[in-house]
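Here is a briefing on one protein chain. Please look through the sequence and the 3D structure before reading on.

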Amino acid sequence: MEIIKNPSAPYPCETALILGNFDGVHRAHQALAKKALLASERDGLVPAAFTFSGAPSKGLPLCSDEEKARLLESVGIRVLFTF
C-alpha cells in the first residue's frame, strides 16, 4: 500500500476515493471499500482512501494509524491519503 501523508500535490492517477476516519474498519467501512473496488475495476481507477491520523474528535482511537492502514489494505485499498 502506498501511504501519502499530508498530500499537497495531485495524485498522478485517477482514484475511486472513499473518505472517513476508518477507525476500526467495521462492516460499513468494508462496504464502502467494496464500492471503491467495484468502481476501480469497472472504470480503471486506483482504489484509495482519505483518512485522518490520530484519535477521532471524541474518545480514544480504536486502532493505530498503522493498523488502520493494514486493515484498509486487507479490504483492497491500494493508496491511503492521511492528514
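This is a predicted model: local features need pLDDT of at least 70, side-chain atom pairs count only at pLDDT 80 or more; totals for chains, interfaces and linings use all residues.

Residues are numbered from 1 along each chain as its sequence is written, and side-chain values use heavy atoms, with hydrogens and water left out. Helices (H or I, at least four residues) and strands (E, at least two) are DSSP runs, numbered from the N terminus.

**Aromatic pairs**

- A pair of aromatic rings is described by the distance of the centres and the angle of the planes.
- Rings of Phe, Tyr and Trp (its six-membered ring) pair here if their centres lie within 6.5 Å; planes under 30 degrees apart are stacked, over 60 edge-to-face, and the rest tilted.
- The count by this rule is three aromatic pairs.
- One of them joins Y11 and F81 edge-to-face, at 5.4 Å centre to centre and 90 degrees between the planes.
- This pair links distant parts of the chain: Y11 is in the loop between β1 and β2 (15-19), F81 is in strand β4, and 70 residues separate them.
- Y11 counts as partly exposed because its relative accessibility is 21%, while F81 counts as buried at 9%. The cut-offs are under 20% relative accessible area for buried, over 50% for exposed, and partly exposed in between (1.4 Å probe, protein chains only).
- F50 and F52 have ring centres 5.7 Å apart and planes at 75 degrees, so this pair is edge-to-face too.
- F50 is buried at 18% relative accessibility, whereas F52 is partly exposed at 37%.
- F50, F52 and F83 form one aromatic cluster.

**Nonpolar cores**

- A nonpolar core is a set of buried Ala, Val, Leu, Ile, Met, Phe, Trp, Tyr and Cys residues joined through side-chain atoms within 4.5 Å.
- The largest core has 15 residues, and I18, F22, A49, L72 and I77 touch the most other members.
- β2, α1 (27-43) and α2 each supply at least two residues of this core.
- Which residues does I18 contact, leaving aside neighbours within four places in sequence? They are L32, A33, A36, A48, A49, F50 and I77. Contact means heavy atoms within 4.5 Å.
- A second, separate core has six residues, among them I4, A48, F50 and V79.
- V79 lies in strand β4 and is buried, at 2% relative accessibility.
- Not counting residues up to four places away in sequence, V79 touches E2, I4, Y11, V46, P47, A48 and A49.
- V79 and E14 are 65 residues apart along the chain, and their C-alpha atoms are separated by 11 Å.

**Backbone and loop positions**

- N6 sits in the loop between β1 and β2. Its phi is near 50 degrees, a positive value in a residue other than glycine.
- V25 is not a glycine either, yet has a positive phi of about 50 degrees.
- V25 lies in the loop between β2 and α1 and counts as buried because its relative accessibility is 5%.
- G20 is found in the loop between β2 and α1 and is buried at 17% relative accessibility.
- G20 touches F50, T51 and F52, not counting residues up to four places away in sequence.
- From C-alpha to C-alpha, G20 and A49 are 7.7 Å apart in space, and they are 29 residues apart in sequence.

**Largest pocket**

- A pocket is an open set of points on a 1 Å grid over the protein atoms alone, where a 1.4 Å probe fits, with protein on both sides within 12 Å along at least five of seven lines; lining residues have an atom within 4 Å of a point.
- The largest pocket is lined by I3, K5, N6, T51, S53, D65, E66, K68, A69, L80, T82 and F83.
- β1 (2-5), α2 (65-74) and β4 (79-82) are the elements that give two or more residues to this lining.
- α2 gives the most, with four residues.
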